[in-house]
Amino acid sequence: MGSYGTTSADGRYTLRLVEPDIIGAVPGMHRVRIRTAVAEEVREDSPVAVEKLLPRYHDGTLTFEVPVSGTQAADFELSSQ
């Protein structure tokens, strides 16, 4: 069981469970992957996803523990270094 979210231009996001499709995340430890990749057309027949973040943000090494009581603060500070 996993969760996903999409961030708005002002940095706000809402997590949703994959199944059932409801708001939130299950309590416990989670691997976190943050991606910015959007398919961009290099050639008409070959779209390519260009990732703008460093690999450490999407390689599965980030974690976050959701407490049983829930949280509104599953935030990650991103840097280019």
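Start by selecting H30, which sits in strand β3, residues 28–32. Strands here are DSSP runs of E with at least two residues, and helices are runs of H or I with at least four residues, numbered from the N terminus. H30 counts as buried, because its relative accessibility is 19%; buried means under 20% relative accessible area, exposed over 50%, and partly exposed in between, with a 1.4 Å probe and protein chains only.

This is a predicted model, in which local features need pLDDT of at least 70, side-chain atom pairs count only at pLDDT 80 or more, and totals for chains, interfaces and linings use all residues. Residues are numbered from 1 along each chain as its sequence is written, and side-chain values use heavy atoms, with hydrogens and water left out.

Keep H30 selected and show what surrounds it. Leaving aside residues up to four places away in sequence, H30 touches L62, T63, F64 and V66, where contact means heavy atoms within 4.5 Å.

Next, zoom out to the whole protein. There are 0 helices and 6 strands, and the pattern along the sequence reads β-β-β-β-β-β. Of the 81 residues in the protein, 14% are buried. Among contacts between residues at least 6 apart in sequence, 37% join residues at least 24 apart.

Select D10 next, in the loop between β1 and β2 (16–17). D10 counts as exposed because its relative accessibility is 55%. Its side chain makes a polar contact of 2.3 Å with the side chain of S8. A polar contact is a pair of N or O atoms within 3.5 Å; within protein, one must be able to donate a hydrogen and the other to accept it, and residues adjacent in sequence count only if both atoms are side-chain atoms.

The side chains of D10 and R12 meet in a salt bridge, at 3.2 Å from N to O, and R12 is exposed, as is D10. A salt bridge is a side-chain nitrogen of Lys or Arg within 4 Å of a carboxyl oxygen of Asp or Glu. Side chains of opposite charge can pair when their charged atoms come close.

How many salt bridges does a search of the whole structure find? The search finds 2. To see another, select D21 and R16, whose side chains meet at 2.9 Å from N to O. R16 counts as partly exposed because its relative accessible area is 26%.

Then turn to the largest pocket, with a volume of about 770 Å³. On a 1 Å grid over the protein atoms alone, a pocket is an open set of points with protein on both sides within 12 Å along at least five of seven lines, and lining residues have an atom within 4 Å of a point. Grid points are joined across faces, edges and corners, and a volume is the space filled by probe spheres set on the points. Select G5, L15, V32, R33 and I34, which lie nearest the centre among the 24 lining residues. The strands β1 (3–4), β3 and β6 (62–66) each supply at least two residues of this lining, and β3 gives the largest share, 3 residues. The lining divides into 12 nonpolar, 8 polar and 4 charged residues. Ala, Val, Leu, Ile, Met, Phe, Trp, Tyr, Cys and Pro count as nonpolar, Asp, Glu, Lys and Arg as charged, and the others, Gly among them, as polar.

The last stop is the second largest pocket, which holds about 320 Å³ of space. Select Y13, L15, G24, T71 and Q72, the closest to its centre of the 16 residues that line it. This lining has 11 nonpolar, 5 polar and no charged residues.

Notes:
On a 1 Å grid over the protein atoms alone, a cavity is a set of points where a 1.4 Å probe fits but cannot get out, and a pocket is an open set with protein on both sides within 12 Å along at least five of seven lines; lining residues have an atom within 4 Å of a point.
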